[in-house]
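Please examine the sequence and the structure before reading on.

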Amino acid sequence: MIRRVLRLTSGRIAIGILGFIAFLAVFGPILAPQDPLEGTTDILANPSSAHLLGTDYLGRDVLSRLLDGSRVSVLGAVQVALIALVVGVVPGILSVYFGRAFEWVTLRLADTLVALPFLVFAVAVTALLGNGIPQAMFVVGIMVSPLFYRVARAATLSVARSQYVEAAIVAGASVGWVVRKHVWVKVLPPIAVALANTTGVGFVIVSSLTFLGIGVQPPAPTWGGVLASELGYLSFQPWAPLAPTALIMATVWACNLLADAIRDVTGQAGRALLNTRKVADGSAVTA
Amino acid sequence: MSLEVSNLDVHYGRTHALRGASLSVAAGETVGLIGETGSGKSTLARAVVGLVRPSAGRVTVAGEDVTGYRGRRWRALRRRGLVQYVFQDPLRSLDPDLTVEESIVEPLLIQGRPRRAAAERARELAARVHLDEALLSRLPGELSGGQRQRVTVARALITEPRVVILDEPVSALDAATRVRALEFFKQLRASGTALLFISHDLGSVAGIADRIAVLYQGEIVETGPARTIVNAAEHPYTRLLVGSAPTLRSAAADRAEREELRALLQTIGGPA
């Protein structure tokens with residue numbers, strides 16, 4: 001699937017940007033030219049050779065702060081997506097097979113979670129469990145999991161009543177067999193799309209929380225935190241919020257672009273789609 | 001008896017889809033089950049393999065009473081591969097993401113047989129149903145209708161079943177392919193397999209079936225040797241079917257006669 005995504009221009013751009021962001025997440029703190037926490041007397045400085053993106057109100061190097069803060073944002077976003085994936089997909093598939101009671105309960109739970117405003121909820125949870133990105137993201141992950149639940153359930157439903165699944169059942173297949181052999185392949189492509197989308201949403205949420213000062217202790221830098229502190233001095237440096245904003249925007253955009261690219265290459269069913277393309281090319285031989 | 005169904009009732013909600021249907025198929029025998037769309041043919045077949053739960057009656061498969069079977073016990077019986085069901089629509093009954101070979105070997109893999117041995121069997125089966133070995137690595141979407149149908153037959157036969165239910169096996173095939181398919185089913189019958197041959201078309205059943213059962217509005221209205229059904233049917237619905245299949249008699253029943261039979265059906269009414 002990755003190879004086919006890379007064949008699309010949009011896929012290459014998306015993976016390029018996300019690869020760069022991932023690189024920043026890993027090496028950002030090392031790459032930071034100056035100590036992101038150490039203030040200087042040179043406050044609210046314009047970009048210069050010493051400070052490529054200027055300094056903030058405490059004279060700290062903005063570029064260093066953004067680089068150092070990328071790890072928190074990336075880890076947070078990935079955490080949201082992965083937790084939502086695990087919490088959503090498994091019950092989504094099982095809701096089709098585990099009987100009416102399980103189906104009813106999980107469906108109502110999903111409805112309930114969708115109804116809750118997750119930003120407010122995340123704030124409440126950090127108040128309860130202590131201020132930290134992992135706690136907040138854990139809760140947000142659970143709250144966006146209904147997306148995965150519904151995507152997985154819809155894909156499973158469309159396969160579960162199919163004749164090839166019935167043929168497998170007549171041959172003695174168990175539910176586990178049907179899921180492994182027939183359902184899983186059909187569920188994966190829409191899940192991949194949802195995963196890319198949710199990672200984008202995750203970036204927005206991490207940035208929003210850190211913008212509000214939730215999740216990290218103040219001196220520690222984050223993308224949202226840098227943006228918030230820059231906004232306070234808009235009258236002195238009107239261009240300053242551009243850098244963190246551009247970083248957040250580019251990342252979220254790349255996630256959505258990747259989601260679209262995956263949707264484009266997978267379409268309805270994985271291998272079957274490639275197959276129809278081949279037929280359209282006339283390269284497939286049918287007697 | 002390889003397959004025995006007695007007084008089978010099936011309800012779909014309030015719809016009474018099958019009423020007291022009784023039918024038996026012996027080893028090496030082919031029984032044709034005919035009836036129009038919605039008459040309950042597929043319902044009967046699905047009840048036999050446990051895809052539909054009957055509300056009353058008994059189903060005996062290979063000497064085993066399966067009527068009360070659920071979950072694990074049904075699975076254990078199915079895994080032995082004694083009964084197989086060839087679905088009506090070959091395209092929809094093959095997973096579009098599995099190659100032909102993966103589909104054919106699936107029943108063996110479900111039984112827990114080693115993959116290599118299963119692949120070997122798949123090649124044997126492909127040869128038996130006249131499927132080119134090169135097609136084994138293809139996806140179902142790349143095959144023609146007749147080829148797909150042979151794939152589903154190969155999949156059903158790979159477990160060497162004693163009973164095979166064929167749901168409209170030749171309806172989707174063109175005339176030449178149909179003749180070859182019927183030839184193949186005759187060979188299969190000769191090898192001792194019990195066949196339940198389901199069709200809406202008396203013409204395609206008459207040539208292969210030893211006995212024919214006629215299903216009308218969920219009820220088996222007539223059962224008998226194929227020759228008797230074709231030449232001396234008693235129930236007006238059967239006579240209408242015979243009259244509507246011009247190939248079965250030198251001259252088809254004329255329009256007036258068919259109208260008469262339809263009127264007669266109206267007066268005796270359905271089993272409702």
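## A residue in helix α6 of chain B

In this predicted model, residue A190(B) belongs to helix α6 of chain B, which covers residues 175–190. Is A190(B) buried or exposed? A190(B) has 9 C-beta neighbours inside 10 Å. Because a residue with 12 or fewer such neighbours is classed as exposed, A190(B) counts as exposed.

Which distance separates A190(B) from E29(B) in space? In sequence, A190(B) and E29(B) are 161 residues apart, whereas their C-alpha atoms are 8.5 Å apart in space.

## The sheet of chain B

Chain B contains an open sheet of six strands, arranged in the order β6-β7-β8-β3-β9-β10 with mixed pairing. At its edges are β6 (83–86) and β10 (219–225) of chain B, each of which pairs on one side only. From one strand to the next, the twist averages 15°.

Within this sheet, strand β7 (residues 163–167) of chain B pairs with strand β8 (residues 194–199) of chain B. The pairing runs in the parallel sense and comprises five bridges. As for individual residues, D167(B) has I198(B) in β8(B) as its bridge partner.

A helix also packs on the sheet: α9 of chain B, formed by residues 236–243. Helix α9 of chain B touches β3 (30–34), β9 (211–216) and β10 of chain B. The direction of this helix makes about 110° with that of β9(B).

## The overall build of chain A

How many helices and strands are there in chain A? Chain A has eleven helices and zero strands. Along the principal axes, the C-alpha atoms of chain A fill a box of roughly 80 × 50 × 30 Å.

Of the 287 residues in chain A, 44% are buried. Among the contacts in chain A with a separation of 6 or more, 71% are between residues 24 or more positions apart.

## Annotated regions of chain A

An unreviewed UniProt entry lists residues 12–32, 74–97, 109–129, 135–152, 191–216 and 236–259 of chain A under "transmembrane region".

Residues 12–32 of chain A are 95% helix and 0% strand, and the end C-alpha atoms of the span lie 27 Å apart. Residues 135–152 of chain A are 100% helix and 0% strand, with 25 Å between the end C-alpha atoms.

Definitions and conventions: Residues numbered from 1 in each chain as written. Chains lettered and ligands numbered in written order. Predicted model: local features only at pLDDT ≥ 70, side-chain atom pairs only at ≥ 80, totals over all residues. UniProt positions renumbered as here; feature names shortened; annotations may be inferred. Helix = DSSP H or I, 4+ residues; strand = E, 2+ residues; numbered from the N terminus. Pairing = 2+ DSSP bridges. Axes fitted to C-alpha atoms, helices over the stretch in contact; angles between N-to-C directions. Contact = placed C-beta atoms within 7 Å. Buried ≥ 20, exposed ≤ 12 C-beta atoms within 10 Å, placed from the backbone.
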